[in-house]
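Q: I'd like to learn how to read a model like this one, feature by feature. Can we go through it together?

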Amino acid sequence: MDIRQLITMLCVLLLLSGCIPNEYKFENYTDEDTSEAEELLKGDDRIKGVAALFHEDHLLVGIRVKTFSRFNKRKIAAEMEKKLKKEYPDLSVFVSADSKILTETNKLILKNDERGLKKKIHHLITLAEEET
């Protein structure tokens with residue numbers, strides 16, 4: 001067995017077992033300290049992935065909950081939103097457990113382009129609010 005076959009087998013096993021690594025991404029375009037948000041979101045054992053974007057007066061957070069918590073994902077998102085609003089009273093905080101919001105927030109972070117970011121954040125928030 002060569003190295004390619006071994007790597008392929010390992011990737012297939014990871015995909016089949018659902019063991020996708022936890023990802024926590026935080027991007028900050030403000031003067032706010034992100035350590036409180038990081039500590040809060042990483043410290044919750046129900047959450048396995050986060051994409052958080054601080055921009056001007058907004059905090060947009062997409063979360064991925066663990067498998068056994070998926071039935072309570074809206075409740076978890078609401079709890080996190082309440083805690084983050086308490087930590088960052090000057091920011092407009094929006095937290096969603098919707099995978100589309102998490103994916104789009106990740107894209108905004110990876111794009112690393114601040115132009116038009118506020119408009120995109122507002123668009124994502126309105127999309128999420130329409131779905132609920």
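Q: How many aromatic pairs does the count come to?
A: This is a predicted model, so keep in mind that every value here is computed from it. For aromatic pairs, you look for ring centres within 6.5 Å, and planes over 60 degrees apart count as edge-to-face. Here the count comes to one aromatic pair. Phe54 and Tyr88 make up that pair, with 5.4 Å from centre to centre and 70 degrees between the planes, which means edge-to-face.

Q: Which parts of the chain does that pair tie together?
A: Phe54 sits in strand β2, while Tyr88 is in the loop between α3 (73-87) and β4 (92-96), so the pair links parts that are 34 residues apart in sequence.

Q: What pattern does the chain follow along the sequence?
A: Going along the sequence, you get α-β-α-β-β-α-β-α-α. That's five helices and four strands.

Q: How much of the chain counts as buried?
A: The idea is to compare each residue's relative accessible area with a cut-off: under 20% is buried, over 50% is exposed. Of the 132 residues in this chain, 36% count as buried. The chain exposes about 8,700 Å², with 53% of that supplied by carbon and sulfur atoms.

Q: Let's zoom in on a strand. Is Val50 buried or exposed?
A: Val50 lies in strand β2, residues 47-55. With a relative accessibility of 2%, Val50 counts as buried because the cut-off is 20%. Skip the neighbours within four places in sequence, and Val50 still contacts Glu23, Tyr24, Lys25, Phe26, Leu41, Val61, Gly62, Ile63 and Leu102. The C-alpha atoms of Val50 and Arg64 are 6.3 Å apart, although these residues are 14 residues apart along the chain.

Q: Which residues is His55 in contact with, leaving aside its neighbours within four places in sequence?
A: His55 is in strand β2 too, and at 2% relative accessibility it counts as buried. The contacts of His55 are Tyr29, Thr30, Glu114, Leu117, Lys118 and Ile121. For the chain as a whole, take the contacts with a separation of 6 or more: 62% of them join residues 24 or more positions apart.

Q: What should helix α4 span?
A: Helix α4 covers residues 99-111, and at 1.5 Å a residue its 13 residues should span 18 Å. The C-alpha atoms at its ends are 18 Å apart, so the two agree.

Q: Which residues of α4 are buried?
A: Here's the general idea: with 3.6 residues a turn, residues three or four places apart in an α-helix point the same way. In α4 the buried residues are Ile101, Leu102, Glu104, Thr105, Asn106, Leu108 and Ile109.

Q: Which residues form a nonpolar patch on the surface?
A: Look at Ile3, Leu6 and Ile7, which together have about 290 Å² of accessible area. Ile3 lies in helix α1, residues 3-17, and with a relative accessible area of 59% Ile3 is exposed.

Conventions
Residues numbered from 1 in each chain as written. Predicted model: local features only at pLDDT ≥ 70, side-chain atom pairs only at ≥ 80, totals over all residues. Heavy atoms only, no water. Helix = DSSP H or I, 4+ residues; strand = E, 2+ residues; numbered from the N terminus. Buried < 20%, exposed > 50% of the residue type's maximum accessible area, 1.4 Å probe, protein only. Contact = heavy atoms within 4.5 Å. Expected span 1.5 Å × (residues − 1). Patch = residues over 30% accessible without salt bridge, like charges linked within 9 Å, V, L, I, M, F, W, Y side chains within 5 Å. Areas by Shrake-Rupley, 256 points an atom, 1.4 Å probe, with all protein chains shown as cover. Salt bridge = Lys/Arg side-chain N within 4 Å of Asp/Glu carboxyl O. Phe/Tyr/Trp six-rings, centres within 6.5 Å; stacked < 30°, edge-to-face > 60°.
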